[in-house]
Amino acid sequence: GEALPLRRTRMAGGAPPSASLASSSSGGFLPTTPVVAAAALGTLATTVAAVHLARGTPTAPRVVSPFARILRRRPASSAAQSRTRRESTPRPEKDEEDTAMITRRAVGSAVPKPHACVYLDYAATCPIYPDVADAMLPYLYRHWGNPSSAHAYGGPSKRAVAQARERVRALINARDASEIVFCSCGSEADNWAIVGALQGSAQQHAAASSSSGDQQQPSRAPKKPRRHVVVSTIEHPAILACVDTLEDEGRSIATRVGCDGLGLVDPQAVAAAVVPGATALVSVMLANNEVGSVADVAGIASAVKQRDAGVLVHTDAAQAVGKIDVDVQALGVDLLTLVGHKFGAPKGVAALYVRKEIQSRFPSLLWGGGQERGRRAGTEAVPNLVALGEAAQVWLDQGADIERHSTAMRDRLLARLEKKLLLVAEGGNKTAADVALRVNGPLGAADAATRRAALPNVLSIGIKGLRADAVLASLRDHVAASAGAACHTGATSISGVLLALRVPEPYALGTLRLSVGRHTTPDDVDEAADRLADAILADLAASAEQQSGGS
């Protein structure tokens, strides 16, 4: 029955603490459970005090956990005093205190890691940026009101959601914040784009057919609703599995357009697959998650619209947002998916951009309380939306630096691996090792112009004869990365993307996907490259010995 604190406790002198739990020695984040929170903030207090002592501060400031007082029993008579203090405490309309707690981290700075394992799997999920975690904290234990509530508790949450929406709008250069619809994940957004395009066409057809009943007016109803969808063969499973299911259920017909050996999709081939009057949607991902190829989505959208202006164009930009600049106006798309956990926000939050001009013919996903302008009902997960907005702001503040840093770390990683694998020191002399290595995707192209069509943070390398899954399994406590093929119950399956690129099987089985990001350091790269090279050479040697023994 004790009251929870509603305000963040400040240091002596009124200044907010300069450190957050995201950067404390514990490396953790503030929980919502008061008992655990008090223990965590105790660690923060020790850390802040130590910093001030190290700087020569005469008296270290005293940091008090905002939850500490609920851990000790209070006399019943104190309840009235507490109520009086709460009523007399002014509550600012704006949350400057929360903003002051956010310290923008430097690009290339290290973040606390729970393991001694180097993380090179940013394409799978990006670590939550420390400044993003800082932004979330007040909405976990302080501003927990429902954004739809008109009282004092709802106000901060409502303002936070609006700010997050505006930041995401600016991130992708949408014209209006109403074009940003929040949802839970990229799979939801991708599925919604496909199913919504088909349902919208069906609804348009039904409405037009109904209105054409007036014999005095010529019928403008299309002969049939649009049921055709065009996708590429290297889309994320969220696209391909949805299309497959809709086909199996007889709800749509799909055409799958291939790519070249670098993972690039030809805009003219996509446009040629469009059936005028029948195609409802074209969906081609902006950046591929396995080989890092960046598609000419602007060219695709232009070619498709020239063939049939009624076709909606969607792009899955999950791997592109937060890695390269994304501008929906320049791309010319109607729908775009972006995903929080791919660029510094937590899992469980994403957004679908819906161009204003198509909103009247793009149906809602969920019905209920009217959230998201009636498009997706459900009480908003405010902490996650705040995090998404802050991650967007990180890119707006540091995007060019993040892109340059990621490129430098990716190139450093490739150069060190090539040096270790292709030139191995033997007795002081460097001789060519018997290692056949290829770089998958545009980064492996001979000309610089094509190499620029690669994401700055993804490196996909194939090594002939390597068992990539076995190598990563042996390094699971030292290097976190992904393989291009996986072994299940004795059978090895190669990824659909590598098959679409027609990567030779010996290289596909030996493909490693290594991805870096904002907080990858040169030391991370060097350590990972050295460990990977040693494990690769050991695996190749073991395979060669096994083959020679078998023969």
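**Strand β17 and its sheet**

Modeller: Let us begin with strand β17, which is covered on both faces: the buried residues T511, R513 and S515 lie on one side, and the buried residues L512 and L514 on the other. Please keep in mind that this is a predicted model.

Colleague: Why is strand β17 (residues 511-515) described as largely enclosed by the rest of the structure?

Modeller: A residue is called buried when its relative accessible area is under 20%. In β17, 5 of the 5 residues are buried, and the strand is therefore largely enclosed by the rest of the structure.

Colleague: How do you know that strand β12 (residues 458-463) and β17 pair?

Modeller: Two strands are said to pair if there are at least two bridges between them. β12 and β17 have 5 bridges and run in the antiparallel sense, so they count as paired. One of the positions concerned is S460, whose bridge partner in β17 is R513.

Colleague: What makes strand β14 (residues 482-483) a partner of β17?

Modeller: β14 and β17 share 2 bridges, in the antiparallel sense. At least two are required, so this pair qualifies. S482 has R513 of β17 as its bridge partner, and A483 stands opposite L512 in β17.

Colleague: What is the order of the 4 strands in this open sheet?

Modeller: The order is β11-β12-β17-β14, with antiparallel pairing. β11 (437-439) and β14 are the edge strands, each pairing on one side only. Helix α12 (residues 382-422) packs on this sheet and touches β11, β12 and β17, its direction making about 20° with that of β12.

**The helix that bends**

Colleague: How do you know that α12 falls short of the span of a straight helix?

Modeller: α12 has 41 residues, and at 1.5 Å a residue a straight helix would reach 60 Å, yet its end C-alpha atoms are only 50 Å apart. There is also a bend of about 80° in α12 at Q398.

Colleague: What makes β2 (180-183) and β4 (253-257) edge strands in the open sheet of 7 strands?

Modeller: The sheet has the order β2-β8-β7-β6-β5-β3-β4, with mixed pairing. β2 and β4 each have a single partner strand, so one side of each is left without a neighbour in the sheet. From one strand to the next, the twist averages 20°.

Colleague: How many bridges join strand β3 (residues 228-232) to β4?

Modeller: There are 5 bridges between β3 and β4, and the two strands run parallel. Within this pair, V230 has T255 of β4 as its bridge partner.

Colleague: What makes β7 a mostly covered strand?

Modeller: In β7, 5 of its 5 residues are buried. L335, T337 and V339 point one way and L336 and L338 the other way, and all are buried. β7 pairs with β6 in the parallel sense over 3 bridges, whereas 5 bridges join β7 to β8, and those two run antiparallel. H314 has L335 of β7 as its bridge partner, and L336 stands opposite Y353 in β8.

**Single residues**

Colleague: Why is G332 called partly exposed?

Modeller: Buried means under 20% and exposed over 50%, with partly exposed in between. G332 has a relative accessibility of 36%, so it counts as partly exposed. The place of G332 is the loop between α11 (328-331) and β7 (335-339). G332 and I300 are 32 residues apart in sequence, and their C-alpha atoms are 9.1 Å apart in space.

Colleague: How many disulfides does a search of the whole structure find?

Modeller: The search finds 0 disulfides. To be counted, a pair of cysteine sulfur atoms would have to lie within 2.5 Å.

Definitions and conventions
Residues numbered from 1 in each chain as written. Predicted model: local features only at pLDDT ≥ 70, side-chain atom pairs only at ≥ 80, totals over all residues. Heavy atoms only, no water. Buried < 20%, exposed > 50% of the residue type's maximum accessible area, 1.4 Å probe, protein only. Contact = heavy atoms within 4.5 Å. Axes fitted to C-alpha atoms, helices over the stretch in contact; angles between N-to-C directions. Expected span 1.5 Å × (residues − 1). Bend = angle between axes of the 7 residues up to and from the residue.
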